Amino acid sequence: MKFGLFYEISIPRPWTPEKERTVYNNCLEQVKLADELGFDHVWAVEHHFLEEYSHCSAPELFLTACAMVTKNIQVGHGIVVCVPEFNHPIKIAEKTATLDILSGGRLHVGTGRSATWTELGGFRANPDITKKSWDEFVRCLPKMWMQETFSYQGEFWSMPERTILPKPYQKPHPPMWVAVTSPGTEIDAADRGLGSLGLSFAGFDEQEKKIKEYRRRIKSCEPVGAFVNEQVATTNFLFCHEDEKTGVEMGKRLGNTFNYLATQLISTREVFSSPSYQSLGLLPALRRAATGPDASEQQTEGMAYGDPARIIRAVKKWESLGVDCINFILNANEVVPQDQVMASLRLFAKEVMPVFAKGPAAKVAAE
Amino acid sequence: MPLYGTLDITANARALPTLANLDTEAWTLPKAEMLQLLIEVPRSTTEGLLPKAMHPALPSYVILAVTRYSESPVGPFNLAVLRLGSRAGAHPRGFLLGAVASTDAAARELKGRWGLPVDAGEVKFLRRHDRVMGTVTKAGRTILDCALIDPQPVAGTDVQYINWVTAANAPLDGQTQPMLIQVDPKYTFYKAERGKPQVSTFDAAAWNAPQVTLADPIVGTCSTVDTDLPRIRFVMDPLKPVFQGTRRIRESRADE
């Protein structure tokens, strides 16, 4: 089992230059510590216009900063929006290659298409065609990274022959993933040989079904890249405390805050009738988690908060379902004070991570 | 935490519709034809329109709907409404700003039973092959002229209608008081189309939203649905966040 951090970079009102800077600095401090503690990944989203929920509109800059203050932790673009109005594919290829070089080959590239009207409408993107443009982008990216020269004539973009520079540090290219929120996207991931970057907080049963289907389909995939990245990651909240009750209370506060902010987002389906957005994605689950009568039960199932023993039980359950990596959200609207976030990371690394480590650390934990 | 509305509906309670009780019987409304246009509006123009209990949708948007109800307990009528996109807690809602019904009986009953801020006027719903049109005239003045341009078939499952919230006085705990009322129709689709919204006349003041200016069209739909106006299930304190101030009046549709 691998462990990572997952950043939306949520910033509460009122926004001041100092507050934005403080939150970003807090995140960098957490990443630096996580690197020292042996966490495997740090992921950062690309979101635009999502007030309070996510101020992470330039993740490549944040991830570059992360790479500069760390040695080992892998940096994940989670995700790059593969819609032409958001990002030109040439720029994606160039920026990701540069980040891979600067990080010394530590980059993972997550891909996706955006789920909110706030963002799609903001860029005047057509929601009907985002799945198609994503498909074109993910097929082009590996070629742009690997081929000496590249030309393309597609439905959504085209270019004459040019040499796209620089090339990534990793050979043949960085691992590729796709964000999985809507039902069925895990199949898209499997069919293309992409890692499944789960961004929803579904319960065990639903995740187990998705993972089984992903593992089954990826066996016969036609990879878009030079290799198959068969990995399943899920997202979780983390608050680890010596006292279970304290840990659960703070973890619930973190989860509720995140969920409530997420439910304020205008999903594409809410306003734009489109066959491309039939599902509300993760929002219904978040609404139930935030306000439903069974909120407490849903909130706690599989959540990584509480004392180390409780978190170990939750992680073991995810492991048994076939999850390879859990990425943790550490804060939302800064409801968890920074010193407590840092303490939680340290305690998790000391008490929980060794249980799931391979090699000497695992041996120590077992003893 | 998210922004809240700023409107205190208790400050001008006399202007609100008043319900005799919260035991409104449901109306079944078969084969309704519903034209709905969603349009973004500048956030500054919606200032003061949303009750304190609710969160604004970001970006701000309004829902213009013109519906032909071919059957109802008060006979056929057309209804035009303007709603403001918003949130009641975690849930998407359309807060009703203004409405016009094509018959006096419909206006009276909708106001008295569900608290819709509705006046009587002339409401036309016209279907052509290249567009579906809605026009509203009140006191001899056109206050809405809108259309769905180039309707193309989509599946009913592609269309989502969000529930309504309206502000009204109603008796609760032995006292008639201002409150927010959730109106949550259900929809069974026969047909759905999608196209471009077009609005050539919109008299914002006539819809109780004098500052609102229409900015960026989102999408338009026209659907044929079996729908209803159900019994009132939830009311909300207009001054408290809805997760603190929501009261369930009755359990579910099963008691209709």
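Reader: Which residues does L5(A) touch, and what makes a pair of residues count as being in contact?

Author: Leaving aside residues up to four places away in sequence, L5(A) touches Q30(A), V31(A), A34(A), F39(A), V42(A), W43(A), N327(A), F328(A) and L330(A). Two residues are in contact if their C-beta atoms, placed from the backbone, lie within 7 Å. The model is a predicted one, in which local features need pLDDT of at least 70 and side-chain atom pairs count only at pLDDT 80 or more, while totals for chains, interfaces and linings use all residues. As for the names, residues are numbered from 1 along each chain as its sequence is written, and chains are lettered from A and ligands numbered from 1 in the order in which they are written.

Reader: What makes L5(A) stand out in the largest nonpolar core?

Author: L5(A) is among the residues with the most contacts inside that core, together with F237(A), A304(A), A80(B), A101(B) and I181(B), and the core has 177 residues. A nonpolar core is a set of buried Ala, Val, Leu, Ile, Met, Phe, Trp, Tyr and Cys residues joined through C-beta atoms within 7 Å. The largest share of this core, eight residues, comes from strand β1 (residues 27-40) of chain B.

Reader: How do you know that I9(A) is buried?

Author: A residue is buried if 20 or more other C-beta atoms lie within 10 Å of its own, exposed if 12 or fewer, and partly exposed in between, with the C-beta atoms placed from the backbone. I9(A) has 20 C-beta neighbours inside 10 Å, and therefore counts as buried. Its phi is near 60 degrees, a positive value in a residue other than glycine. K31(B), which is not a glycine either, has a positive phi of about 50 degrees, but K31(B) is called partly exposed because 13 other C-beta atoms lie within 10 Å.

Reader: Why is chain A called as compact as a globular protein of its length?

Author: Let us begin with its make-up: the secondary structure of chain A comes to 14 helices and eleven strands, where helices (H or I, at least four residues) and strands (E, at least two) are DSSP runs numbered from the N terminus. The radius of gyration of chain A is 20 Å, close to the 21 Å that the globule rule gives for 367 residues, so chain A is as compact as a globular protein of that length. This radius is taken over C-alpha atoms, and the rule is 2.2 Å times the number of residues to the power 0.38. Buried residues make up 51% of chain A, and among its contacts between residues at least 6 apart in sequence, 75% join residues at least 24 apart.

Reader: What makes strand β4 of chain A mostly covered?

Author: Six of the six residues of β4(A) (residues 107-112) are buried. In a regular strand the side chains alternate between the two faces of the sheet. On one side of β4(A) lie L107(A), V109(A) and T111(A), on the other H108(A), G110(A) and G112(A), and all of these are buried, so that both faces are covered.

Reader: How do you know which strands β4(A) pairs with?

Author: Two strands pair if DSSP finds at least two bridges between them. Strand β3 (residues 74-81) of chain A and β4(A) have five bridges and pair in the parallel sense, with H77(A) having V109(A) as its bridge partner. Strand β7 (residues 176-180) of chain A also runs parallel to β4(A), with three bridges, and there T111(A) stands opposite V178(A).

Reader: Why is the unit of β3(A), helix α3 and β4(A) called right-handed?

Author: A crossover is right-handed if, with the strands pointing away from the viewer, the path from the first strand over the helix to the second runs clockwise. The β-α-β unit that β3(A), α3 (residues 89-102) of chain A and β4(A) make is right-handed.

Reader: How do you know that β13 of chain B pairs with β1(B)?

Author: β1(B) and β13(B) share twelve bridges in the antiparallel sense, and one of these pairings sets Q36(B) against T221(B). Strand β12 (residues 187-202) of chain B runs antiparallel to β13(B) with eight bridges. β13(B) is mostly covered as well, as ten of its 14 residues are buried.
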